Amino acid sequence: MTVTAEDVLAAFAKTPGDVAGARRVARAHRDLDEGERSALLWSEDPGARLVAVVLLVQAMRERADPELTEEYLSAARAERIDRVELVDIAAEELVGAPMLDGSTGPLFALAKSDVAWVRRIAVVATLAFAKQGDADVPLAVAGRLVRERGDTVQSALGWVLREVGKRASEPALVAFLERQGRFLSRSALETATEHLPAAERDRLRQNG
């Protein structure tokens with residue numbers, strides 16, 4: 001029997017409605033037709049979009065395909081990706097990882113988007129670089145967005161900057177914060193510095 005988007009939604013309705021529930025449903029429906037997955041992604045139902053994004057990540061893990069990235073970004077540009085979890089569970093794998101061995105130009109183009117959620121995607125995607133020990137790309141993207149006031153981007157900056165310091169280069173993070181830390185929101189600065197030695201952390205927060 002062919003599984004439809006409605007069947008997937010009915011299964012998701014039986015879960016707590018969180019990311020873990022979406023992942024369980026996606027695993028059970030990994031063979032969902034691409035058209036039905038698209039129907040979920042473009043649905044007005046937030047739960048449908050969550051399951052669709054998990055399905056996209058799952059498909060990318062099984063076989064890298066630039067069309068999966070474009071499907072995700074098309075939805076983001078149309079403001080269908082409009083919640084933190086829809087970015088944070090997917091941007092690294094769907095957007096960042098495919099750029100590791102190629103041009104990062106598209107990443108910087110995303111950082112210029114008029115859509116705040118797309119700009120958040122640009123920031124979170126750079127986790128793929130930080131986890132490879134590359135501080136340059138994440139800090140370059142952060143430098144372009146650090147003056148943004150909205151929490152959609154600022155909270156992502158704090159998270160990614162912290163990971164840069166932990167996984168790529170603590171000295172590069174400190175140097176960045178010395179130059180631009182004053183532009184971060186208080187919450188983002190606290191997140192970015194939380195793993196640093198106490199004296200360094202306190203100094204940078206005072207200068208922020």
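Me: Is R120 buried or exposed, and what is its relative accessible area?

Reply: This is a predicted model, in which local features need pLDDT of at least 70, side-chain atom pairs count only at pLDDT 80 or more, and totals for chains, interfaces and linings use all residues. Residues are numbered from 1 along each chain as its sequence is written, and side-chain values use heavy atoms, with hydrogens and water left out. Buried means under 20% relative accessible area, exposed over 50%, and partly exposed in between (1.4 Å probe, protein chains only). R120 is therefore buried, with a relative accessible area of 2%.

Me: Which residue meets R120 in a salt bridge?

Reply: A salt bridge is a side-chain nitrogen of Lys or Arg within 4 Å of a carboxyl oxygen of Asp or Glu. R120 lies in helix α9 (residues 116-125), and its partner lies in helix α6 (residues 84-88), 32 residues apart; helices (H or I, at least four residues) and strands (E, at least two) are DSSP runs, numbered from the N terminus. The N to O distance is 2.9 Å, and the partner is D88.

Me: Which residue has a side chain joined to that of R120 by a polar contact?

Reply: A polar contact is a pair of N or O atoms within 3.5 Å; within protein, one must be able to donate a hydrogen and the other to accept it, and residues adjacent in sequence count only if both atoms are side-chain atoms. Here the distance is 2.7 Å, and the residue joined to R120 is S155.

Me: Why does the salt bridge between E92 and K131 tie together separate parts of the chain, and how many residues apart are they?

Reply: The closest N and O atoms of E92 and K131 are 3.0 Å apart. E92 lies in helix α7 (residues 91-96) and K131 in the loop between α10 (127-130) and α11 (136-145), so the pair ties together parts that are apart in sequence by 39 residues.

Me: Which residues are linked with E194 in a network of salt bridges?

Reply: E194 forms a salt bridge with R162, the closest N and O atoms being 2.6 Å apart. E194 is partly exposed at 42% relative accessibility, whereas R162 is buried at 17%. The residues linked with E194 in the network are R162, E163, K166 and R167.

Me: How many salt bridges does a search of the whole structure find?

Reply: Side chains of opposite charge can pair when their charged atoms come close. The search covers the whole structure, and the number of salt bridges found is 18.
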